[in-house]
Amino acid sequence: MSMFALLAAALAPQVSAPEPATVTVTGRATLDNASVLRSAKALKAGEYMWAPQTAPAGPILMVVNLETQRAVVYRNGLPIAITTVSSGKKGHETPTGIFTVLQKEKDHRSNLYNSAPMPFMQRLTWDGIALHAGALPGHAASHGCIRLPAKFAQMLYGATPLGMTVVVTKREALPAVVPAGDVIAAAAKTGAGAPGARDFWDPARAPTGPVSIVVSTTDRALFVIRGGRIIGRATVGVNRQISHPYLYSLQSADSAGARRWTRIALPGQTLDEDMQLGDVDMTAATRAAIESVLVPGATVVVTPDALTDVSSLKDFVIGK
């Protein structure tokens, strides 16, 4: 599947199973980076661990592993929850990649399959992939969605903002999260990246919603996406090519304009193979446009994939 292809997987009827016993986590030491994989393996189908006190506040990231049928939720870089999941079955596999929660609805029903209930739905694509409560038989069984235990889905829904980043992977390794400099400021160089014929800026196309900035080093183009729609495109300069995506997340921004970013090293990457945003050149006007829509939780993705046809898409997916 193309990195930015729209997803065609259909939603299947989802029926919530009785809630199994919760695995209680009482202290921070019992849920940390050293023990999270071991704890995840120990969970039985339908079980989960929920320890929000590990990190009471901060941006949230969710990592779903299709091979192990487990998911880990991070807040401010620390694991606060682990759960079993049920993803897409053979022929309807859940796509891997980096997603943004585009819509949330407590009592959503499928508009494709007889109004089948999808409680605590958090939409990842406009074409049918979502997180929601559903049956967990212990293996992949959905038509593409990621099913969660009912109570866990409810708690996650209450804790997560619109625009949360969700990484879907087939690697068991956990992502590493480290501080990064101001990636937008580092990338801006006045006069760099002369405007191209296809460049535009139209924030009115999506006045609100989660913000993502996607840079293609192959196309030498930058796209600004808000609420699932492209609101801007700019030609950029690229000083070196890369072989895989790099992900950054905006953690906070103060009244003086100072921003705190983190870099998320995805499974299979190491922190020493960094794509410095200083390797990307943009004009001062492009930087100003981006800064006008940046909010905490925004993501920057630098990808080697060509996005020549991305302007026709209303949604985006980064992955295989």
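User: Why is Arg220 called partly exposed?

Analyst: Buried is under 20% relative accessible area, exposed is over 50%, and partly exposed is what falls in between (1.4 Å probe, protein chains only). Arg220 comes out at 36%, so partly exposed is the label. Keep in mind that this is a predicted model: local features need pLDDT of at least 70, side-chain atom pairs count only at pLDDT 80 or more, and totals for chains, interfaces and linings use all residues. Numbering runs from 1 along each chain as its sequence is written, and side-chain values use heavy atoms, with hydrogens and water left out.

User: Where is Arg220, and what about its phi?

Analyst: Arg220 is in the loop between strand E14 (211–216) and strand E15 (221–226); strands here are DSSP runs of E, at least two residues, and helices are runs of H or I, at least four, both numbered from the N terminus. Its phi is positive, about 50°, although Arg220 is not a glycine. Phe120, also not a glycine, has a positive phi of about 55°, but Phe120 sits in strand E8.

User: How do you know whether Arg75 is buried or exposed?

Analyst: Its relative accessible area is 9%, so Arg75 goes down as buried. Arg75 belongs to strand E4.

User: What does Arg75 touch?

Analyst: Contact means heavy atoms within 4.5 Å. Leaving out residues up to four places away in sequence, Arg75 touches several residues, among them Pro52, Gly58, Ile80 and Ala159. Gly58 is 17 residues away along the chain, yet the two C-alpha atoms are 5.6 Å apart.

User: What makes E8 and E9 a pair?

Analyst: Two strands pair if DSSP finds at least two bridges between them. E8 (residues 117–123) and E9 have two, in the antiparallel sense, so they qualify under that rule. One example is Arg123, whose bridge partner in E9 is Ala130. Their hairpin has six residues between the strands, and Gly128 there takes a positive phi near 120°. E9 also pairs with strand E10 (residues 146–148), in the parallel sense over three bridges, with Arg147 in E10 as the bridge partner of His132.

User: How do you know that both faces of E9 are covered?

Analyst: In a regular strand the side chains alternate between the two faces of the sheet. In E9 (residues 130–133), Ala130 and His132 are on one side, Leu131 and Ala133 are on the other, and all are buried.

User: What makes the second largest pocket a pocket, and which residues lie nearest its centre?

Analyst: On a 1 Å grid over the protein atoms alone, a pocket is an open set of points with protein on both sides within 12 Å along at least five of seven lines, whereas a cavity is a set where a 1.4 Å probe fits but cannot get out; lining residues have an atom within 4 Å of a point. The second largest pocket has 25 lining residues, with Pro59, Ile60, Ser249, Pro296 and Gly297 nearest its centre. E19 gives the largest share of that lining, three residues.

User: How do you know how far to trust the chain?

Analyst: pLDDT is the predictor's confidence in each residue, from 0 to 100. The chain's mean is 77, and 76% of its residues reach 70 or more. Confidence is highest in E10, at 96, and lowest in strand E1 (residues 23–24), at a mean of 47. Residues 1–29 are below 50, with 87 contacts in the model beyond near neighbours in sequence. Where pLDDT is low, the predicted coordinates should not be read in detail.
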